[in-house]
Amino acid sequence: MPKAYVFTRYGGPEAEALVERDRPSPGPGEVLVAVRAAGVNPVDWKQRTGYRRPGGDARPLPAVFGNEVAGVVVETGADVTGFAVGDEVFGNPVDGGYAEFALLPVAVTAHKPAALSFTDAATLPVAAATAYDGVRQLGLPAGATLLVTGAGGGVGVAALQIARDAGLRGIGVASEGKKDFVESLGAVHVPSGPGLAERLRAAAPAGVDGVFDLVGGETLEDAATVLEDPAKLITGADRETVAKLGGSPVERARTAAVLDEVGRLAAEGGLRPFVTRTFPLERAGEALRAVEDGHARGKIVIEVAA
Ligand SMILES: NC(=O)c1ccc[n+]([C@@H]2O[C@H](COP(=O)([O-])OP(=O)(O)OC[C@H]3O[C@@H](n4cnc5c(N)ncnc54)[C@H](OP(=O)(O)O)[C@@H]3O)[C@@H](O)[C@H]2O)c1
């Protein structure tokens, strides 16, 4: 039977297990995909703790981990047009992705450009698409300055590149060890940690035109001090603090059109996924721990044997 990495109750890593389960069947508007790669995101372990998206429910148990995959279509459900068995695709699975098979609603599925590996394509549906949505939401003109916190992580790395592609000047807040990494993305690096507000004032004496926060808390508060217009303050990490500061959470489009766009950017070289570590499905727990420790560099991906 096909394998999947699941959590069996809400809690810590002890709730995780590699299990065998029946191959899922695609419902209307869904395709069944043989997974080749699954991106690992902070929301994956947060869901294990019982996290709910605003207005949503916690994942029903047992739940397969994962919210972004790339793979090959092996079956199509009713009412599916535009996708056929054998197509190479990537998207947001409806019921987990750390598995040999995953169900993708076609509304959030795109064809994988041939120039992209499955591993790289699996980083796009959550991290890169969030970065794309955020940069678009801010709507800054070319030449404006965008400050990104958590700049060395999955979303931040994509945000700085998408900003650069849009002609924006990037400032990236990240730990000292990620200085070269952030600078390689064409951004000015500002070290994170105590005293951030002063360092930001020194790096951007005239202030910044937008802030895309991916850390929250004090980092978000410090970043807001160099921004004049709170409408240009967004976060993927901390709804409470951003509301207090007059900003807003990143608005996710969650459409196939955005996936097509980030796929095109990645295939054309404007968006490098920077997969820094890969793990086989059997070691999915280690992949999760590497993200759960909060200091991932670029993206971590689970590769599933064909
Ligand atoms: N709303 C949405 O749809 C959505 C989608 C995707 C992600 N998110 C959220 O956005 C956040 C970032 O996601 P991600 O995938 O980019 O995560 P990630 O890959 O784990 O990166 C997070 C980055 O934050 C930095 N960081 C951690 N603690 C920090 C601290 N105390 N001070 C300063 N920097 C710190 C780390 O960099 P250093 O090692 O340099 O400290 C790390 O590179 C998460 O909270 C995630 O849940 C939301």
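**Note on the cavity, the ligand site and the backbone of the predicted model**

1. The lining of the largest cavity takes at least two residues from helix 3 and at least two from helix 4. Helix 4 is the greatest contributor, giving four residues to this lining. Helices (H or I, at least four residues) and strands (E, at least two) are DSSP runs, numbered from the N terminus.

2. The structure is a predicted model, in which local features need pLDDT of at least 70 and side-chain atom pairs count only at pLDDT 80 or more, while totals for chains, interfaces and linings use all residues. Residues are numbered from 1 along each chain as its sequence is written, and side-chain values use heavy atoms, with hydrogens and water left out.

3. One cavity of 30 Å³ or more is present in the structure. The volume of the largest cavity is about 60 Å³. Its lining comprises 13 residues, and Thr123, Gly154, Ala158, Pro273 and Lys299 are the closest to the cavity centre. A cavity is a set of points, on a 1 Å grid over the protein atoms alone, where a 1.4 Å probe fits but cannot get out; lining residues have an atom within 4 Å of a point. Points are joined across faces, edges and corners, and the volume is the space filled by probe spheres set on them.

4. By class, the cavity lining consists of seven nonpolar, four polar and two charged residues. Here Ala, Val, Leu, Ile, Met, Phe, Trp, Tyr, Cys and Pro count as nonpolar, Asp, Glu, Lys and Arg as charged, and the others, Gly among them, as polar. Domain 1 (3–123 + 273–303) and domain 2 (127–249) each provide at least three residues of the lining; the bounds come from an automatic or database domain assignment.

5. Around the ligand there are 24 residues, of which Lys46, Gly154, Ser175, Lys178 and His295 come nearest (a heavy atom within 4 Å counts as near). This shell holds nine nonpolar, eleven polar and four charged residues. At least three of its residues come from domain 1 and at least three from domain 2.

6. Oxygen atoms of the ligand lie 2.7 Å from a polar side-chain atom of Ser175 and 2.6 Å from one of Lys178. For Arg252, a side-chain N or O atom is 3.3 Å from a ligand oxygen. The protein buries 80% of the 910 Å² that the ligand exposes when taken alone (Shrake-Rupley method, 1.4 Å probe). Helix 1 (42–48), helix 3 (124–138) and helix 4 (154–165) are the elements that give two or more residues to the ligand shell.

7. Two backbone features deserve a check. Leu61 and Pro62 are joined by a cis peptide bond, with omega about -10 degrees; Pro62 lies in the loop between helix 1 and strand 4 (63–64). Asp79 has a positive phi, near 65 degrees, and sits in the loop between strand 5 (69–76) and strand 6 (88–91). Most residues other than glycine have a negative phi, and most peptide bonds are trans.

Definitions and conventions
A polar contact is a pair of N or O atoms within 3.5 Å; within protein, one must be able to donate a hydrogen and the other to accept it, and residues adjacent in sequence count only if both atoms are side-chain atoms. On a 1 Å grid over the protein atoms alone, a cavity is a set of points where a 1.4 Å probe fits but cannot get out, and a pocket is an open set with protein on both sides within 12 Å along at least five of seven lines; lining residues have an atom within 4 Å of a point.
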